[in-house]
Amino acid sequence: MTYVPKGSAADGPYALAIDPKQAGWSYSQLRVVELEPGGTHSFTTGESEWIVLPLTGGCTVQTADGIIELLGRDSVFSGVSDFAYVPRDARIQIASGAGGRFALAGAKCERRLPARYGSAPEVPVENRGSGGCAREVRGFAAADAFDCDRLIAVEVITPGGNWSSYPPHKHDEHRPGIEAELEEIYYFEIEAHGDREGFGYQRVSPSREGGTDVLAEVRTGDAVLVPDGWHGPSVAQPGHAMYYLNVMAGPGQEREWRICFHPDHTEGYR
């Protein structure tokens with residue numbers, strides 16, 4: 001399964017639950033939990049490290065070491081959010097007085113790092129590309145921005161009508177200094193206007209014979225798994241901005257994001 005429509009991977013309290021076994025790989029995972037006002041959710045982290053990232057609303061994250069308060073945000077389109085890192089082998093409780101929707105981005109890992117608060121003002125924000133390929137990248141847990149054992153996670157906002165994840169690129173081979181092997185999840189939300197919901201498109205094309213080949217129409221709550229292959233473009237419907245959360249992890253000894261661009265596409269729009 002590479003295209004995951006909204007609701008098709010719901011599990012108990014989770015509107016979306018993608019684990020390594022379900023994905024057919026070893027490290028990357030993602031959950032989305034929706035809390036009613038006054039709601040709580042508890043979980044054990046097991047062999048994985050996690051980041052609690054507010055999509056809408058704020059919450060508190062209780063660990064054995066104390067409580068981390070997250071102000072959160074009105075929506076993914078309203079700006080950067082603060083977040084909480086929680087370690088493997090821990091029990092966590094998320095509580096939200098006003099309610100909200102929260103992403104749990106995770107990766108199986110070896111080291112047990114301390115629970116920490118990630119401040120919104122410290123999140124690197126990069127305007128990448130130009131013209132019809134311009135987009136905003138929020139590197140809250142990029143490899144060079146926030147310390148994790150294996151987890152890499154970023155957010156991207158693509159204006160309506162624009163392309164992102166372009167030129168198509170891949171990271172499915174270990175080539176020291178050139179490319180890092182990373183499993184990747186795209187989770188989408190599309191800006192709505194009143195009762196008009198938006199949509200977008202996500203392309204993954206094979207980088208090897210028999211590789212991943214997907215062209216999916218995506219809407220809010222959908223996900224696309226990228227075990228291998230050239231991924232991109234991600235195309236936003238005109239008038240409706242596209243948001244996606246990228247969750248990545250892999251087997252490399254170094255936690256790094258190294259990618260290879262498709263040789264048949266210009267590299268002038270990175």
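Colleague: Let's start with strand E12: is it mostly covered or mostly exposed, and how many of its residues are buried?

Modeller: "Buried" means under 20% relative accessible area, while over 50% is exposed and anything in between is partly exposed (1.4 Å probe, protein chains only). Strand E12, residues 135-141, is mostly covered, with 6 of its 7 residues buried. Keep in mind that this is a predicted model, where local features need pLDDT of at least 70, side-chain atom pairs count only at pLDDT 80 or more, and totals for chains, interfaces and linings use all residues. Residues are numbered from 1 along each chain as its sequence is written, and side-chain values use heavy atoms, with hydrogens and water left out.

Colleague: How do I read a label like E12, and which strands does E12 pair with?

Modeller: Helices (H or I, at least four residues) and strands (E, at least two) are DSSP runs, numbered from the N terminus. Strands of a sheet pair through backbone hydrogen bonds, either parallel or antiparallel. Two strands count as paired if DSSP finds at least two bridges between them. Here E12 pairs in the antiparallel sense with E11 (residues 125-128) over 4 bridges, and also with E13 (residues 152-158), again antiparallel over 4 bridges.

Colleague: Which residues touch the most other members of the largest nonpolar core?

Modeller: In soluble globular proteins, nonpolar side chains tend to be buried together. A nonpolar core is a set of buried Ala, Val, Leu, Ile, Met, Phe, Trp, Tyr and Cys residues joined through side-chain atoms within 4.5 Å. The largest one here has 35 residues, and Leu 16, Leu 30, Ile 51, Phe 140 and Leu 245 touch the most other members. Strand E21 (residues 242-249) gives the most to this core, 4 residues. A second, separate core holds 18 residues, including Phe 43, Trp 50, Cys 59 and Ile 94.

Colleague: Why does Tyr 187 count as buried?

Modeller: Because its relative accessibility is 3%. Tyr 187 is found in strand E16. Contact means heavy atoms within 4.5 Å, and, leaving out residues up to four places away in sequence, Tyr 187 touches Leu 16, Leu 30, Arg 101 and Leu 245, among others.

Colleague: What is the volume of the largest pocket, and which lining residues are closest to its centre?

Modeller: On a 1 Å grid over the protein atoms alone, a pocket is an open set of points with protein on both sides within 12 Å along at least five of seven lines, and lining residues have an atom within 4 Å of a point. Grid points are joined across faces, edges and corners, and the volume is the space filled by probe spheres set on the points. The largest pocket has a volume of about 510 Å³. Of its 27 lining residues, Glu 126, Arg 128, Val 137, Val 154 and Trp 257 are closest to the centre.

Methods: On a 1 Å grid over the protein atoms alone, a cavity is a set of points where a 1.4 Å probe fits but cannot get out, and a pocket is an open set with protein on both sides within 12 Å along at least five of seven lines; lining residues have an atom within 4 Å of a point.
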